[in-house]
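Hi everyone, thanks for coming.

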Amino acid sequence: MMKVKTLCVAVFALGMAGSAVAADGAALYASKGCLACHGPDANTPVMPAYPKLAGQNAQYAELQMKDIKSGKRANGMSAAMKAIMAGVSDEEITAIATWLSTQ
């Protein structure tokens with residue numbers, strides 16, 4: 001019985017941590033300036049060429065942001081994004097990507 005309680009507490013704690021990451025992702029999305037181009041809801045970009053990010057698969061979004069940051073992705077609007085992504089840590093990228101996937 002004790003193992004079950006411990007497991008339940010651990011699962012609950014992980015769920016809470018996931019919510020915290022998503023909340024941090026929303027704050028990071030705003031503070032890193034993402035909303036300036038992709039819109040406050042990540043679904044209303046200011047230019048038609050800018051992608052809608054809301055609902056994007058978290059792993060895909062994370063990979064794209066990391067590839068832009070490293071220079072591996074150098075097509076489309078990624079040149080403009082490279083300077084922005086230079087100021088975003090890998091942990092922050094993960095949090096933003098996680099948040100985007102929930103929008």
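Before the tour, one definition: on a 1 Å grid over the protein atoms alone, a pocket is an open set of points with protein on both sides within 12 Å along at least five of seven lines, whereas a cavity is a set of points where a 1.4 Å probe fits but cannot get out; lining residues have an atom within 4 Å of a point. This is a predicted model, where local features need pLDDT of at least 70 and side-chain atom pairs count only at pLDDT 80 or more, while totals for chains, interfaces and linings use all residues. Residues are numbered from 1 along each chain as its sequence is written, and side-chain values use heavy atoms, with hydrogens and water left out.

Okay, the overall layout. The protein chain has five helices and zero strands; helices (H or I, at least four residues) and strands (E, at least two) are DSSP runs, numbered from the N terminus. There are 103 residues in the protein chain, and 25% of them count as buried. Buried means under 20% relative accessible area, exposed over 50%, and partly exposed in between, using a 1.4 Å probe and protein chains only.

Now the pocket. Which residues lie nearest the centre of the largest pocket? They are H38, P51, L53, I68 and M81, out of 26 lining residues. Its volume is about 490 Å³, where grid points are joined across faces, edges and corners, and a volume is the space filled by probe spheres set on the points. Helices α2, α3, α4 and α5 (90-101) each give at least two residues to the lining of the largest pocket. That lining splits into 18 nonpolar, six polar and two charged residues. Here Ala, Val, Leu, Ile, Met, Phe, Trp, Tyr, Cys and Pro count as nonpolar, Asp, Glu, Lys and Arg as charged, and the others, Gly among them, as polar.

There is also one cavity of 30 Å³ or more in the whole structure. The largest cavity holds about 50 Å³ of space, and its lining is K32, G33, C34, C37, H38, M81 and I84.

How do the axes of α3 and α4 cross? They come within 8 Å and cross at roughly 90 degrees, with α3 covering residues 58-70. Axes are lines fitted to C-alpha atoms, for helices over the stretch in contact, and angles run from 0 to 180 degrees between N-to-C directions. So α3 is roughly perpendicular to α4, a label for angles of 65 to 115 degrees; under 35 is roughly parallel, over 145 roughly antiparallel, and the rest oblique. On the α3 side, M65, I68, K69 and S70 meet S78, M81, K82 and M85 of α4. Contact means heavy atoms within 4.5 Å.

Last stop: the loop between α2 and α3. P40 sits there and counts as exposed because its relative accessibility is 64%. Leaving out residues up to four places away in sequence, P40 touches Y29, L35 and W99. A42 is in the loop between α2 and α3 too, but A42 is buried, at 0% relative accessibility. Most residues other than glycine have a negative phi. A42 has a positive phi, near 60 degrees, and is not a glycine.

That's my tour, so over to you for questions.
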